[in-house]
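Please look over the sequence and the model shown here before reading on. The report below is written for a reader who is meeting this structure for the first time.

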Amino acid sequence: MCSITQISRIAIWQHIKKLQKLGYIIEAKRGVGYKLTQNPPDLLNLYEIEKLKHTTAVENIFFFENTTSTMDEAKKISENNKNLAHKSLIVALNQTQGRGRKNRHWLSFGENIYASYIYLPKNLMPQDGLFVMFAGCIAIVLALKQIGIDAKIKWPNDCLVSDKKIAGVLVDAKSDISSIDEIIIGFGVNINWADIPEETNATSVYEVTKKTTDRLFILDKIVQYLEALIKLIENKRKSNIIKLWRLYDTTLSRKVEIISDSKKIIGKASDIDEYGFLLVETQNGIQRIITSDSVRFL
Ligand code: ATP
């Protein structure tokens, strides 16, 4: 190793220590050398995430051990980079101010996925934003399916397992009248979160499977599916997104309470329309929900 790398034994030992600290399992044998025996079941660091450049269309990766939120980092990155790549991924190990819709707090405890994907589209319209949110939810559901988790989508931005929230998607778009210039898709997916407080209606992959899951595997799948689904939207095949959304949805046919601009609407979620808006059958007829503060199942 010393002759290949042209560095001293001590320097090699220091690097090995760093790698062990990152979680790699490396055996040291006096007089023989070092051996990478096995990879731990979940290892997330910049070196590992960089592998996504080979499996997805992501061009730039930004990694933070600690941050306020990947959405904040995404905004800063986009503001400070005039020549931003068309597809960038921001990943954090910890967030102190993760957020959901309407600036609600997104609990970011535990070894979960906290990521934002910045995309500079060529062919997205302002009205496609909701479909990109659906694409994010479908991508998460499909990724979780790969490890046997049966997640469902709750309109507009959540993924649930047995009616408990396992993931949420957030979309911020910069657009003018006719097109979206930049879209940031944030997603929090509860993966190896073991001690979920009773009072939250959250769940995690760990809670369902009782074993540690490789976050990188799930992140890789989410990004791959997300890219394919966004392509469908760009190619004017939004009806396919609606079909997939319906396949994995758990909102329709249920009695819901929607709070929207301090107005409460109670009724049966009957469908989504061609724009992705929720249709609710109420005593006063069908109401079309364009935006909501909260959607609760009754
Ligand atoms: P609603 O379901 O009422 O329409 P929402 O799903 O749109 O709301 P978001 O803004 O997407 O809510 O997410 C924030 C909410 O999710 C918080 O108010 C909290 O109830 C819940 N929450 C926060 N952190 C987590 C987490 N890590 N996992 C699951 N749920 C969480």
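What follows describes the domains, the nonpolar cores, the salt bridges and the aromatic pairs.

This is a predicted model, in which local features need pLDDT of at least 70 and side-chain atom pairs count only at pLDDT 80 or more, while totals for chains, interfaces and linings use all residues. Residues are numbered from 1 along each chain as its sequence is written, and side-chain values use heavy atoms, with hydrogens and water left out.

**Domains**

The domain assignment gives domain 1 (2-38), domain 2 (46-248) and domain 3 (255-297), bounds of this kind being taken from an automatic or database assignment. Between domain 1 and domain 3, the C-alpha centres are 59 Å apart. An unreviewed UniProt entry places the feature "domain: BPL/LPL catalytic" at residues 55-244; such positions are given in the numbering used here, feature names are shortened, and annotations may be inferred rather than shown by experiment. Over residues 55-244 the chain is 32% helix and 31% strand, with 23 Å between the end C-alpha atoms. Helices (H or I, at least four residues) and strands (E, at least two) are DSSP runs, numbered from the N terminus.

**Nonpolar cores**

A nonpolar core is a set of buried Ala, Val, Leu, Ile, Met, Phe, Trp, Tyr and Cys residues joined through side-chain atoms within 4.5 Å, where buried means under 20% relative accessible area, exposed over 50%, and partly exposed in between (1.4 Å probe, protein chains only). The largest such core has 72 residues, and those with the most contacts inside it are Leu89, Ile185 and Phe187. Helix 6 (residues 129-145) gives the most to this core, contributing 14 residues. At least three residues of this core come from each of domain 2 (46-248) and domain 3 (255-297). Leaving aside neighbours within four places in sequence, Ile185 is in contact (heavy atoms within 4.5 Å) with residues including Tyr117, Val132, Val169, Leu226 and Ile230. A second, separate core has 9 residues, among them Met71, Ile77, Leu84 and Ile184.

**Salt bridges**

The structure holds 18 salt bridges, each being a side-chain nitrogen of Lys or Arg within 4 Å of a carboxyl oxygen of Asp or Glu. Three of these pairs are set out below.

| Pair | N to O distance |
|---|---|
| Glu48 and Lys51 | 2.6 Å |
| Asp128 and Lys238 | 2.7 Å |
| Arg288 and Asp273 | 2.7 Å |

Arg288 lies in strand 13 (residues 285-289) and Asp273 in the loop between strand 11 (263-272) and strand 12 (278-282), 15 residues apart. Arg288 is partly exposed at 40% relative accessible area, whereas Asp273 is buried at 13%. Salt bridges that share partners also join Lys145, Asp150 and Lys152 into one network.

Asp128 is buried at 1% relative accessibility, and Lys238 is partly exposed at 22%.

**Aromatic pairs**

There are 4 aromatic pairs in the structure. The ring centres of Tyr275 and Phe277 are 6.3 Å apart and their planes are at 25 degrees, so the pair is stacked. Rings of Phe, Tyr and Trp (its six-membered ring) pair if their centres lie within 6.5 Å, and planes under 30 degrees apart count as stacked, over 60 as edge-to-face and the rest as tilted. Tyr275 is partly exposed at 41% relative accessibility, but Phe277 is buried at 17%. Phe131, Phe134 and Trp245 form one aromatic cluster.
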